[in-house]
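This briefing covers surface, core, loop and helix features of one structure. The sequence and model come first.

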Amino acid sequence: MSDDGAAADGTAATDGAGEPADGETGTVHLVGSGPGDPELLTVKAKRLLEEADVVLHDKLPGPEIIGMIPEDKREDVGKRAGGEWTPQEYTNRRLVELAHEGKDVVRLKGGDPTVFGRGGEELVHLADNEVPVEIVPGITSAVAGPEVAGIPVTHRDHASSVSFVTGHEDPTKEESAIDWSALADTGGTIVVLMGVGKLPDYTAALRDAGLAGETPVALIERATWPDQRVATGTLETIVDVRDEAGIEPPAITVIGDVAATRERVIDFLVGGDEDTASATSDDVGGGNDA
């Protein structure tokens, strides 16, 4: 695949372990951009974007935020046409290479840099290569996405706990690290990031674990972006709702009684939109066992 010209074959200017030529090592800032609305950038994140020599970004910050960065100082290390991805090894190597050139670098991520964002991996890699690194927290989409759709992830009447899980684990793992049965037993809200594709798998797992089929579920696509969409249903119907609405990544899945809050507030939610699609177990025949 193409890796910004230099790295399709894994050959960058350095191997990520060389000493800086002038003895001055730059700093890498691992920056969270929030869920995508540029007005939800932190003041510090905005300042660092303006001051950086180079910004390595993926697609999740959203087009408006990426558009704020001059083209001559931004590098796309995210997803490309055809479903190809920049290898994490290249991104790690490139961060070290730029720092050793004395550059001030921003590694811009959607949401918060360490919530399912590989920020932890990059942090360790930079430290291993003696590169100064700063983490700049961002508003995580795991909370902000449901919020802007009118769904609080906790509520005194409905949920006293919330669990955040990834719907897209490392494919090299021999088995899942997520215990869906344990999550079903918590009685709290379950928020799944990057889980659109595997929605049939984990909704079936939760139902098999005893979570009621009528449990409310919401899907929030491109939360806070201008083209945000929301689809609602139940654990039993949500796969058909997803297909009917054509919900695509990036999207957040909210499972639990709090998801029904949206119906009570949508008419008064500033910036709220009508559901793209919705269904109850009575609207969609049969189950959705994967």
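V115, F116, F164 and M194 make a nonpolar surface patch of about 310 Å². Patches here take residues with over 30% relative accessible area and no salt bridge, joining like charges within 9 Å and nonpolar side chains (Val, Leu, Ile, Met, Phe, Trp, Tyr) within 5 Å; a salt bridge is a side-chain nitrogen of Lys or Arg within 4 Å of a carboxyl oxygen of Asp or Glu. Areas come from the Shrake-Rupley method with a 1.4 Å probe, and for residues only the protein chains shown count as cover.

The model is predicted: local features need pLDDT of at least 70 and side-chain atom pairs 80 or more, while totals for chains, interfaces and linings use all residues. Residues are numbered from 1 along each chain as its sequence is written, and side-chain values use heavy atoms, without hydrogens and water.

- F116 sits in the loop between strand 4 and helix 4; helices (H or I, at least four residues) and strands (E, at least two) are DSSP runs numbered from the N terminus.
- F116 counts as partly exposed because its relative accessibility is 36%, given that buried means under 20%, exposed over 50% and partly exposed in between (1.4 Å probe, protein chains only).

**Nonpolar cores**
- The largest nonpolar core has 23 residues, and V165, W180, I190, V192, L206, I238 and I255 have the most contacts inside it; such a core is a set of buried Ala, Val, Leu, Ile, Met, Phe, Trp, Tyr and Cys residues joined through side-chain atoms within 4.5 Å.
- Among the elements that each supply at least two residues of this core are helix 6 (180-186), strand 7 (189-193) and helix 7 (199-208).
- Helix 8 gives the most to this core, with four residues.
- Sequence neighbours within four places aside, W180 is in contact with V165, I190, V192, Y202, A205, L206 and A209, where contact means heavy atoms within 4.5 Å.
- A second, separate core of 15 residues includes A142, I252, V254 and A259.

**Loop residue L235**
- L235 lies in the loop between strand 9 (229-234) and helix 8, and is buried with a relative accessible area of 0%.
- L235 and G213 are 22 residues apart in sequence, yet 4.9 Å apart in space, C-alpha to C-alpha.

**Helix 3**
- Twelve of the 13 residues of helix 3 are buried, so the rest of the structure largely encloses this helix.
- Cover for its buried residues includes strand 1 (28-32), strand 2 (54-57) and helix 4 (119-128).
- Helix 3 is followed by G102, whose phi is positive, near 85 degrees.
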